[in-house]
Amino acid sequence: MAKAVGIDLGTTNSVISVMEGGESVVLVNSEGNRTTPSVVGFKDDQRLVGQVAKRQGVLNPKGTIFEAKRFIGRTWDEIQHEAERAPYEVVKGDDGGVRFVVAGEQHTPEAISAMVLRKLVSDASEQLGQKITKAVITVPAYFNNAQREATQNAGKIAGLEVLRIVNEPTAAALAYGLDKKGSETVLVFDLGGGTFDVSVLEVGDGVFEVRSTSGDTHLGGSDFDYAIVNWLADEFKAEYNVDLRKDKQALQRLIEASEKAKIELSGLPETTISLPFIAMDPASNAPLYLEKKLSRSKFEDLIGSLLGRIRGPVEQALKDAKLSKDKIDEIILVGGSTRVPAVKKLVKELLGKEPNQTVNPDEVVALGAAIQAGVLTGEVDDIVLLDVTPLSLGVETKGGVFTKLIERNTTVPVRKTETFTTADHNQTGVEVHVLQGERSMAGDNKSLGRFKLENLPPMPAGAPQIEITYDIDANGVLNVSAKEKSTGKAASITIQNTTTLADDEVDTMVKDAERHAEEDRVRREGAEARNQLDSLRLQAQKAVDEAEGASDEQKQPLQAAMDEAKTALDGNAPKDELESKGQALAAALQAFMQATAPQAADGPDDGEPTTEASPADGDDDVIDADFKPSGT
Ligand code: AMP
């Protein structure tokens with residue numbers, strides 16, 4: 001059987017692994033290295049990938065694309081600030097996405113990532129002596145649908161069949177947990193070149209369940225590099241009044257020297273950064289040299305605020321998993337940046353435990369991806385892999401309420417169906433507004449897409465039974481479908497690149513939801529009270545319309561209660577008033593029904609309205625949440 005590989009398509013470096021003799025092993029590239037820089041260089045007519053591309057970046061800053069992963073699946077609006085600090089040209093594409101421009105030619109982040117994948121796979125094919133066509137590719141746990149899709153497309157462009165997109169921390173735990181027997185709670189701390197993920201997993205008996213994930217996709221080793229770059233450039237400017245950041249070539253050299261210094265400081269207390277001929281003195285036109293000593297403590301000082309951003313996601317991940325830090329059995333370090341001593345120290349401080357360092361942090365993700373590839377091709381048995389949704393998913397219901405179908409941190413793949421109904425009589429369509437977030441009101445959450453279920457036959461409010469199904473596949477891609485049960489009318493949507501969720505927004509949204517919890521509760525209860533009163537008013541109106549023999553005297557109290565309800569609804573009355581009007585109206589409706597009911601009691605149900613707001617009693621799935629009328 002053809003082998004499938006596991007690929008850690010990293011922001012800075014990528015690694016490819018395969019199962020050999022029941023073991024996951026890293027494959028070396030054509031230069032003999034186990035990691036390949038995720039860098040593509042365009043030079044004359046040549047396309048260079050990996051180390052050669054990285055090396056010529058100094059002389060070719062505009063033609064050397066690195067960190068394409070920061071841009072993949074993102075819109076220009078989300079990522080503009082990152083585009084501005086890149087030494088190469090990044091522009092907004094016609095579709096609102098991102099394009100790299102080299103020598104007048106535009107390249108998508110997918111196309112650049114595909115070039116990296118192609119090199120990894122062709123070197124691996126060479127080494128294995130067989131053509132590789134199938135792969136599992138990893139992404140940060142916080143990647144949204146658009147980013148996952150775009151990564152999958154990068155694989156397709158590279159000629160690969162992407163068997164599965166797997167979260168990086170999950171892959172790491174997979175590599176780590178294979179040999180484990182008992183059940184353990186593992187915290188995966190992944191600080192790579194450009195992203196930071198924390199995940200809490202239950203590992204045991206071949207099952208890996210992600211309990212929670214948190215992170216910051218704008219935090220990584222390259223931010224440490226930029227901290228040094230900025231310090232060097234500021235010092236240089238103070239001394240010579242030349243801003244090295246304005247010269248792309250000098251900037252590229254500064255970035256490389258800063259990364260080198262940072263790596264050295266993981267093993268040494270001090271290092272020296274030397275950059276000869278870095279600029280020309282504007283006054284004398286003489287060449288300028290940069291030579292600076294950097295101590296580990298100064299470096300730790302420079303990255304202090306970046307380190308401060310590690311705490312929040314760690315605490316959030318523990319909170320979401322409903323665990324205190326002493327319940328964590330094992331801490332796995334992933335990503336080259338966990339080699340920074342201050343990072344290791346901080347992890348220990350935050351979790352009160354020494355992290356496990358037996359797994360190579362640069363390779364562990366790719367090793368896990370190869371195991372997953374082995375599972376999918378039948379080479380590895382007895383492992384089930386479970387991931388979770390990072391945010392809750394739901395639908396907008398009447399009154400702008402956000403009704404959740406899938407709670408955040410639910411294990412995927414998952415399929416959930418709920419039955420909804422209409423709010424108004426003779427509504428011929430409903431609009432399904434799909435949202436993601438933690439706030440009670442739809443308007444405060446992220447809109448993922450909308451679609452309409454139309455051409456419903458006229459029915460009383462509450463009569464249609466509209467089944468809404470949310471289906472998230474193993475890659476985290478969401479399909480939403482709606483079906484009216486009595487007519488069979490159906491419509492659906494696949495959430496792809498419609499609107500993307502900026503990843504740091506996930507964190508913000510969770511925190512916002514906590515901060516506004518009380519206010520949201522009040523608004524939600526207010527909206528629910530309104531909805532109840534409104535549907536009661538509709539029922540009362542229907543009862544009046546249908547009670548042919550009723551006298552004006554009988555109708556009058558009910559009409560008065562209906563008028564009062566309408567005044568309260570139109571006047572945006574507070575919840576208490578809405579509720580008391582609701583009680584009065586319910587009592588008036590009941591009295592009216594009794595007074596006008598036909599004498600032959602207990603006959604077969606002829607569809608008389610009841611005072612119950614729920615339209616389909618006895619069915620657990622039917623919830624009392626109504627759609628807004630479709631946009632007519
Ligand atoms: P990864 O995305 O896991 O390949 O991590 C790459 C990041 O780790 C880059 O920012 C590297 O500069 C950084 N890195 C690699 N080795 C070290 C080290 N020994 N000390 C500090 N940072 C490192």
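How far is an oxygen atom of the ligand from an N or O atom in the side chain of Glu-259? The distance is 2.6 Å. This is a predicted model, in which local features need pLDDT of at least 70 and side-chain atom pairs count only at pLDDT 80 or more, while totals for chains, interfaces and linings use all residues. Residues are numbered from 1 along each chain as its sequence is written, and side-chain values use heavy atoms, with hydrogens and water left out.

**The chain as a whole**

- The chain holds 15 helices and 29 strands; helices (H or I, at least four residues) and strands (E, at least two) are DSSP runs, numbered from the N terminus.
- The chain has 632 residues, and 55% of them count as buried; buried means under 20% relative accessible area, exposed over 50%, and partly exposed in between, with a 1.4 Å probe and protein chains only.
- Among contacts in the chain with a separation of 6 or more, 67% are between residues 24 or more positions apart; a contact means heavy atoms within 4.5 Å.
- About 27,400 Å² of the chain is accessible surface, and carbon and sulfur atoms hold 46% of that surface. Accessible areas come from the Shrake-Rupley method with a 1.4 Å probe, and for residues only the protein chains shown count as cover.

**The ligand and its surroundings**

- The ligand is surrounded by 15 residues, of which the closest are Gly-193, Glu-259, Lys-262, Ser-266 and Gly-336; a residue is near a molecule or strand if one of its heavy atoms lies within 4 Å of it.
- Asn-13 has a side-chain N or O atom 3.3 Å from an oxygen atom of the ligand. A polar contact is a pair of N or O atoms within 3.5 Å; within protein, one must be able to donate a hydrogen and the other to accept it, and residues adjacent in sequence count only if both atoms are side-chain atoms.
- In Ser-266, a polar side-chain atom lies 2.6 Å from a nitrogen atom of the ligand.
- On its own the ligand has 500 Å² of accessible area, and the protein covers 88% of this.
- The most comes from α7, with 3 residues.

- Asp-223 sits in helix α6 (residues 221–240). Asp-223 counts as buried because its relative accessible area is 8%.
- Leaving aside neighbours within four places in sequence, the contacts of Asp-223 are Arg-70, Arg-85, His-218 and Leu-306.
- Ile-273 belongs to strand β16 (residues 270–280). Ile-273 is buried too, because its relative accessible area is 3%.
- Not counting residues up to four places away in sequence, Ile-273 touches several residues, among them Ile-228, Leu-232, Ala-257, Ala-261 and Leu-290. Ile-273 and Leu-290 are 17 residues apart in sequence, and their C-alpha atoms are 7.5 Å apart in space.

- All 5 of the 5 residues of strand β9 (residues 98–102) are buried, so β9 is largely enclosed by the rest of the structure.
- In a regular strand the side chains alternate between the two faces of the sheet. In β9 one side has Val-98, Phe-100 and Val-102 and the other has Arg-99 and Val-101, all buried, and both faces are covered.
- Strand β8 (residues 89–92) runs antiparallel to β9 and is joined to it by 4 bridges; two strands pair if DSSP finds at least two bridges between them.
- Val-91 has Arg-99 in β9 as its bridge partner.
- The hairpin of β8 and β9 has 5 residues between the strands, and Gly-96 there takes a positive phi near 85°.
- On to strand β10 (residues 105–107), β9 makes 3 bridges, again antiparallel. Val-101 has Gln-106 in β10 as its bridge partner.
- The hairpin of β9 and β10 has 2 residues between the strands, and Ala-103 takes a positive phi near 50°.

**A sheet of three strands**

- An open sheet of 3 strands has the order β6-β5-β7, with antiparallel pairing. Its edge strands, each pairing on one side only, are β6 (46–49) and β7 (64–66).
- Strand β5 (residues 39–43) and β6 are joined by 4 bridges, and Phe-42 stands opposite Arg-47 in β6.
- Helix α3 (residues 109–128) packs on this sheet and touches β5, β6 and β7, with its direction at about 105° to that of β5. Axes are lines fitted to C-alpha atoms, for helices over the stretch in contact, and angles run from 0 to 180 degrees between N-to-C directions.
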